[in-house]
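Hi everyone, thanks for coming. Let me put the structure up, and then I'll walk you through a few of its features.

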Amino acid sequence: MDFSKIDPWILACSAVTVIVTIIMGFRSAKSSKSASDFFVAGRAVSVGWNASAISGEYLSAASFMGIAGMVMLSGYDALWYPVCYACGYLFLLLFIAGPLRRFGAYTIPDFAEGRYDSPIFRKIAVCFVLFIGFFYTMPQMKGAGTTLAYIFPGLPYWVGVALVGAVITLNVALGGMKGITLVQAVQYWIKMFAISVPVFVLLSVYGGYGKNLSLNHSASPPAIVQSVDPGTIVRKALPEKAPKDEAWVAPFGPLTTKAAKAAGLTASEAKPYSLLYTFSLIVALVCGTAGLPHILVRFYTNPDGVAAKKTTMWVMILIGVFYVFPPIFGVLGRNFLPELYAATGSKGPDKVVLELPTLIREKYGIMGSILSGITCAGAFAAFMSTFSGLLVSMTGALAHDVYGRMLRPAATPEERMKMFKWCAVLVGGVSVLLGSLVEPLEINFMVGQAFAIAAASYFPLLFMSVWWRGMTMKGAATGMLSGGLCALVSATIVNASTLALDKGPMGKLFAGFNGINDFWKVHPLLRILCEQPAIWTVPLAIGLMIVVSKATRHTVPADVRMKMLVLHAPEALGLKQEYIQEQQGPAH
Amino acid sequence: MSPIPPKESDFIHSEEFLHALMKRQLKLSISCAAAFLVVLLGLPLLNYLAPEMMATRVGGFTLSWLVLGVLFFPYVWIIARIFITRSMALETDEVRHAAEGNKRKS
């Protein structure tokens with residue numbers, strides 16, 4: 001490792017972010033004492049704090065680094081990611097946020113058990129917290145490895161992954177959710193600052209968003225409504241590997257046509273496949289947002305349903321504003337850092353956000369380093385906050401559900417707190433292990449897969465349980481398991497086949513899966529349906545839920561009307577207290 | 001757990017109230033979702049069917065890029081805003097409705 005290549009500014013900014021995060025974690029560890037503090041922050045977090053915290057947790061390495069990298073690599077098609085990440089929240093708001101909050105339970109497994117009076121269903125629901133969680137942590141770990149490899153040139157990718165994983169695991173084990181709420185909220189603002197300020201500086205140096213975009217010519221000279229003078233911008237020549245302008249700037253470009261192209265189809269033959277890919281991606285991201293376990297748990301930290309709705313509104317604004325910026329990095333990166341197209345892994349387009357600000361060093365000297373330091377700090381905030389959130393919800397599932405409910409229901413609060421810490425260490429360790437495998441995969445693509453799994457499992461469960469009285473436990477479980485597992489298996493197959501193509505060590509490890517790639521060439525449609533499974537897994541899950549529930553109609557919970565009232569009646573009517581008294585049971 | 005007998009004396013526990021409540025909420029949610037989905041799913045279709053039009057340049061952006069990368073966000077905020085205002089009004093109305101119903105029944 002060559003220490004002389006380390007930029008002191010970049011190192012300093014990143015170090016400050018990490019240290020502030022740790023200190024805040026430790027400080028709040030002192031104030032979080034009870035088990036309830038650990039799990040849902042005492043249920044009294046103000047709208048502003050909670051909205052910032054949800055946004056902070058949501059804006060992951062995929063949002064911060066991955067989108068920019070993907071827009072640079074694939075152009076227009078990648079824009080669906082930021083848009084659906086932000087707008088998927090609308091679905092959550094419209095159909096799920098209010099009712100779920102009124103029902104009042106710590107976690108999704110709590111909801112699953114409460115709605116169907118079934119402890120077995122809780123166990124099934126817990127599995128998906130872990131499945132989705134691990135799929136979501138892999139890209140965060142790649143973000144960590146990429147960023148550290150950028151700050152310390154020559155540092156192996158896996159060292160970065162292990163280092164960041166260890167720091168956050170320690171933080172979570174000591175602080176729990178209460179610490180996290182504060183940390184997440186602050187980290188949202190760090191990320192917002194870190195993505196917007198460099199964009200403003202870069203745009204003022206290199207010309208506007210539209211101007212930079214206009215350098216990419218469309219296929220046929222189009223009608224110009226309002227012309228811009230691209231005169232002053234001189235972009236660098238694109239390398240061989242970069243997609244051509246026409247394909248990049250227009251819909252149905254390299255991202256969505258990859259499978260069809262590999263099968264040797266012509267452009268016009270490939271177009272319907274691209275449309276299918278796009279629709280499936282939209283379904284995955286929009287429904288997936290509404291079913292992310294680590295986001296949903298935050299709705300329980302609101303004092304009431306009205307606050308939950310207001311929070312969602314603010315979250316949509318906070319993340320919507322954020323998501324305008326990363327694609328700008330992608331556009332600028334294409335024009336001014338085309339050499340990244342040639343590299344792969346942690347040195348490829350996924351690091352465009354970190355690298356781009358250093359370009360203005362030539363003109364403004366140290367400013368470039370400071371700006372790059374700021375984006376590095378943002379990247380740290382991104383993967384640290386999302387990983388902490390995931391760690392809390394996965395650890396919560398293990399400690400609260402598996403240990404506290406299944407293995408040892410008689411455990412004392414002290415034992416549970418101790419277990420929470422051990423579970424955090426376990427989950428953190430597995431995440432680091434998985435994270436070090438995925439260097440060749442794109443950050444944003446991996447996050448999309450986690451969404452696809454959530455879309456096919458939790459979304460149908462929540463949506464149908466809230467709005468349809470006829471659901472039975474068997475129906476819900478069958479639908480959720482089939483949809484979720486189909487999505488999980490599809491994602492795993494696609495990842496294995498992609499890793500097999502890698503030229504590095506991962507390629508050797510996964511070489512056995514190379515045969516799948518030959519299969520994809522012959523069956524592009526199957527490849528798309530595996531790469532973006534939501535378009536068939538979501539209807540499959542919902543369909544199975546309806547069919548099986550109808551077949552097992554006699555097992556509809558007897559007090560379903562009361563449950564539906566609690567889910568839907570305004571809280572002012574005070575039905576929840578009444579319901580809990582009647583239940584006389586589960587001590588939440 | 002024993003099934004809870006429906007309290008016929010109480011309006012808010014009646015089938016009638018729950019049915020009306022869920023129907024009104026679902027109607028609001030579905031109409032907002034429709035406004036959202038028309039644009040979200042319509043855009044890829046427009047890209048597919050009218051590529052020339054969507055490639056029109058507006059201030060350097062292609063029309064399609066401008067809609068998706070910039071204008072879509074405020075559109076969704078407007079829908080969310082409308083939904084929240086309406087659903088809060090709906091809740092207040094339901095509480096009033098329930099109180100009236102209880103009086104009528106008793």
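Let's start with chain A: of its contacts with a separation of 6 or more, 82% are between residues 24 or more positions apart. Two residues are in contact here if their C-beta atoms, placed from the backbone, lie within 7 Å.

A quick note on conventions: this is a predicted model, where local features need pLDDT of at least 70, side-chain atom pairs count only at pLDDT 80 or more, and totals for chains, interfaces and linings use all residues. Residues are numbered from 1 along each chain as its sequence is written, while chains are lettered from A and ligands numbered from 1 in the order in which they are written.

Chain A has 27 helices and 1 strand; these are DSSP runs numbered from the N terminus, with helices being H or I of at least four residues and strands E of at least two. Of the 588 residues in chain A, 60% are buried, that is, with 20 or more other C-beta atoms within 10 Å of their own.

Now for the partner chain. How many residues does each chain bring to the contact? Chain A gives 51 and chain B gives 50. On the side of chain A that touches chain B, the elements giving two or more residues include α5 (80-103), α12 (267-289) and α14 (305-324).

Finally, look at α5(A) and α12(A): their axes, lines fitted to C-alpha atoms over the stretch in contact, come within 7 Å and cross at roughly 45 degrees. The residues making this contact include Trp80(A) of α5(A) and Thr278(A) of α12(A).

Conventions. A residue is buried if 20 or more other C-beta atoms lie within 10 Å of its own, exposed if 12 or fewer, and partly exposed in between; C-beta atoms are placed from the backbone. Axes are lines fitted to C-alpha atoms, for helices over the stretch in contact, and angles run from 0 to 180 degrees between N-to-C directions.
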